[in-house]
Structures are given as C-alpha cells and as structure tokens.
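Biologist: I would like to learn how to read a strand, a helix and a ligand site in a model. Please take them in turn.

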Amino acid sequence: MQHVNLGIVGGGTVGSGVYEALQRNGTLMASRLGVGLKLVRIAVRDLKKARATKFPRELLTADWREVVCDPDVHLVAELIGGTTTAREVVLTALKLGKPVVTANKALLSAHGEELFAAAEKYGTNLYYEASVAGGIPIIKALREGFVGNRIPALYGIVNGTCNYILTRMKLEGANFADVLADAQKLGYAETPPDLDIDGHDAAHKTGILASLAHGFWVNPKDIHVEGIRHISALDIKYAGELGYTIKLLGTVKQLAGRCRVQVSVYPTLVPNSHVLASVNHSFNAVFVRGDVVGDALFYGRGAGKDPTASAVLSDLADAALDLKTGTKNRIPPFSPHECAGTVAPIEEVVSRYFVRMDVADKPGVLAMVATIFGAANIGISSVIQPEGHEGNVVPLIFMLHDATNGVAMKALAQIAKLPAIKGRPVMIRVETFE
Ligand code: NAP
Ligand code: HSE
C-alpha cells in the first residue's frame, strides 16, 4: 500500500493524542483510505522532559526544521500553538509544497489570509478541522455539507474551558479559580488560560466559522469579545430562576442587508428550553441555521487530547488522500464568495438584556432606574428584587426588551453614575434564537 510520511511538530496534549490514536487506529485508517500514514519525525521543545506518552526516541528532535525540511516528510502537522514559531513552521512547510494540518486557531485568526495565500501560491493546502470545536467536524460541515446553504445564523459554544467552568459553577456552586485549575489539569485550557476565560479563544474560533459561513475573512479586531471573569454565582442563580442558563456564546448573525454580519462572543442567557442550554462541561456545540437545511446541531467534546486528535486525524486523512490522488486544492482552505461583507459594530446589534445591580435600600431607587430606561426607550419586561436582602444594599434584576447595544450601554452608564447604585451593574445579553 502507498504511504504518506508524516512529520509532527509538537508532542504535547494534542500531539501525544495524535500519536496514540495513530498507533491505535492507523491500520484501520489505511484500510479505509487506501493510503497509510507513517509517522517519521516528531519535534518537541525539550527532549529531556518526562512524558506520559513514550515517543520512539529515534523519531524525536528538538529542532522543528529537521521535521519540516526533511525530504522524507511529505505532510506536516503543526501542533505547538502560538503565533510566532507556529507561523514560521507552517510557512516553511507550505513553501516546500508540503500540505500542513494545524489545530491552531490563534494562528489562523491572526495570519489566516497570509497562510491561505501561501498554500495557493505554492500549490499545496492547509487543513484546520481541529482548530474549532475539538472533535466536532464543523469545518467540513460548513465547507462541504452546507455548501448549498446561506447561513443566516450560527451560534457556538466553542470554548471547552469556559463551558466547563460555567457548568460546574451552576451545577455544583463551584468556585471559579478551583474549576479553572481543574480545566488546566485536564488539558482543556490554553497557555495562558486568559485566552479562554477572556473570550479570545472563542473569538478566534467564531471568526473562523463566520468567515466560512459568509465568505469574507473576518478580522479578529472587528469581533466584539467579552469573557466570563465578571460572571458571578449570583448571575447564574438569578438567570436560573428566570429560566435561563449562562453560556459563553459565539454568535454569527446576518443582519439586514446581506453582507452585514454580527460576529461576537459574550456570555449569553440561553433559555433552558433551548438545546444549547444543556451542553455541559467541556462539550461544545454549534447550532447552524441554513436557508435550505433549516436548523442543525453539532455536539461533541470540544477540547482535550483525544477529541482534538480525532479532528487532526480527519485532516491527515484528507491530506493523505489529496496527496495520493494529486488533488491538493480540491477544497481550498478558504474561498471568498458573494460580496465583500463587513462585521457590524456591536453598538448597532439589537439584543435583549439581563441587568443585575446592587442598589441602596431606600424608596425611589427603582423609579430612578426605570426612568433612565424609559427615556432611552428601552422596555422592561420584568423586575425582581429578591426578598430577604433587606439592609443597606439590595440586588435588583431587570429583564429588558430589544434595544441596540449602543442605546443599552449608554443607559447603563448613566445608571451606574447614580449615587444609589453600588458597584458596576452587570449586563448579560439574552438570546431568543428566533
Ligand atoms: P501543549 O500541550 O502545550 O503542547 C505543545 C507542544 O509543542 C509541546 O510538546 C512542546 O514541547 C511543543 N513545542 C512548543 N514550542 C516548540 C518549538 N519551538 N519546537 C518544537 N516543539 C515545540 O499544547 P496543546 O494543548 O497540545 O495545543 C497545541 C495546539 O492545539 C494549540 O494551537 C492549541 O490551541 C490547539 N488545540 C488544543 C486543544 C486542547 O484541548 N488542548 C484543542 C484544540 C486545539 P514540549 O513538550 O517539549 O514542551
Ligand atoms: N482551550 C480550548 C478550549 C481548547 O478550552 O476550548 C480547544 O480548542
């Protein structure tokens, strides 16, 4: 049987998962594909590091160029992360005409256009299924399965670390820092984990999905991003009492005018009746609305060694087949289509809102806050002042009707300046999926 020689750069969580999965299922894959994958080199940073996965010593090097530039290596997997050396690894391989598989969403978000152009220029390809939603084949679904659809809306729980933290805070009342430490131990979190909890990892992935859905490359600077640091046990509790679950949601929505799109990442109140509210722990889900297919849901493990390895194997299989059949650009990494779209500024996006504030416990405060919302033409759909909090400061929770983010943020800034408001009000958007 024909073989494709594989070189892997990076033998950490994902690299070791790929190595082990190839050991386990390499023969099965070869029989399915009619072409085998033979691992011939692996680069790591530190050859002396103790590792749970025992790579054959003769395959190891600490110099990634020995992998990428080895004439016996036909196909390269970049699994080191980061955007500096990783960019060099990918560009060097592409310039040598070698196809590259990457799991690196940060790299694609920052340098995608440059890398795709290099793949085209040097007549090869770049595959990135593992960059979004771990083991879920969402890149393949958008590029191939839904090729005949416009995508008016797409919502993704695409960060396993944040979903794991929010789930355990909700179900166990767990403390943020403790759960984050567990997510790190389990290999879900990025280095540093700020990329996860401040929403940037989800933004990298949401940008990639938005680009594929709308056919223009989304600049990460245009994505409105909020993380989960400010979400407290109180927000989770009161959202729950109102029938919602808080999720960090990537949202890609076509706005009026076909080429204008909302692309954002922020904690969102999801109605408990919606399927995304039940996506828990490190699981990811992407809810896609196509104009032909209707609603479709993709669910699976979004982070960790084995699910990510599964997605890398899928790309390695495509690359090996393309090498075998000489069809390196059958599905190019990214093809612009339709019109050159733009990302709408968050101020223009219309949402509903959950607002929680701590207020001085005295008459007239509720009326003052309601007056500001009223003057901004923002309707209040419900107000809760939980009983049993009498004292100097009490919580006040509002559910607000549709308003643009610009108007809602301005009203909240005004409210925050009232002497009766203690601390910064928390505003979380509500999604109805209509
Ligand atoms: P990781 O555990 O930190 O592993 C990184 C690996 O790269 C390590 O083996 C490290 O070597 C090696 N390395 C770093 N710099 C190197 C260099 N200059 N030359 C050679 N080797 C180098 O990271 P990971 O979690 O596997 O993530 C890898 C990529 O997959 C990232 O882009 C990440 O965003 C992405 N990803 C991760 C997950 C996940 O759940 N972990 C899921 C999807 C995508 P040493 O072992 O010697 O330190
Ligand atoms: N840190 C990422 C997450 C890994 O938690 O989702 C998977 O991309």
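Modeller: What follows goes through a strand, then a ligand shell, then a helix. This is a predicted model, where local features need pLDDT of at least 70, side-chain atom pairs count only at pLDDT 80 or more, and totals for chains, interfaces and linings use all residues. Residues are numbered from 1 along each chain as its sequence is written, chains are lettered from A and ligands numbered from 1 in the order in which they are written, and side-chain values use heavy atoms, with hydrogens and water left out.

Biologist: How many residues of strand β7 are buried?

Modeller: Helices (H or I, at least four residues) and strands (E, at least two) are DSSP runs, numbered from the N terminus. Buried means under 20% relative accessible area, exposed over 50%, and partly exposed in between, with a 1.4 Å probe and protein chains only. Five of the five residues of β7 (residues 153–157) are buried, so the strand is largely enclosed by the rest of the structure. Ala153, Tyr155 and Ile157 point one way, while Leu154 and Gly156 point the other way.

Biologist: Which strands are joined to β7 by bridges?

Modeller: Two strands pair if DSSP finds at least two bridges between them. β7 runs antiparallel to β9 (residues 244–254), with four bridges, and antiparallel to β11 (residues 283–290), with five bridges. Gly156 stands opposite Gly250 in β9 and opposite Val286 in β11.

Biologist: Which residues come nearest to ligand 2?

Modeller: A residue is near a molecule if one of its heavy atoms lies within 4 Å of it. There are 13 such residues around ligand 2, and Lys105, Gly160, Thr161, Tyr188 and Glu190 come nearest.

Biologist: Which atoms of Lys105, Thr161 and Tyr188 lie by the ligand?

Modeller: A polar side-chain atom of Lys105 is 2.6 Å from an oxygen atom of ligand 2, and a polar side-chain atom of Thr161 is 2.6 Å from an oxygen atom of the ligand. For Tyr188, a polar backbone atom lies 2.6 Å from a nitrogen atom of ligand 2. Taken alone, ligand 2 exposes 250 Å², and the protein buries 94% of that.

Biologist: Which helices supply at least two residues of the shell?

Modeller: They are α6 (160–172) and α9 (200–214).

Biologist: Why is α6 described as largely enclosed?

Modeller: In α6, 10 of the 13 residues are buried, so the helix is largely enclosed by the rest of the structure. Gly160 and Thr161 are among the buried ones.

How values were computed. A polar contact is a pair of N or O atoms within 3.5 Å; within protein, one must be able to donate a hydrogen and the other to accept it, and residues adjacent in sequence count only if both atoms are side-chain atoms. Accessible areas come from the Shrake-Rupley method with a 1.4 Å probe; for residues, only the protein chains shown count as cover.
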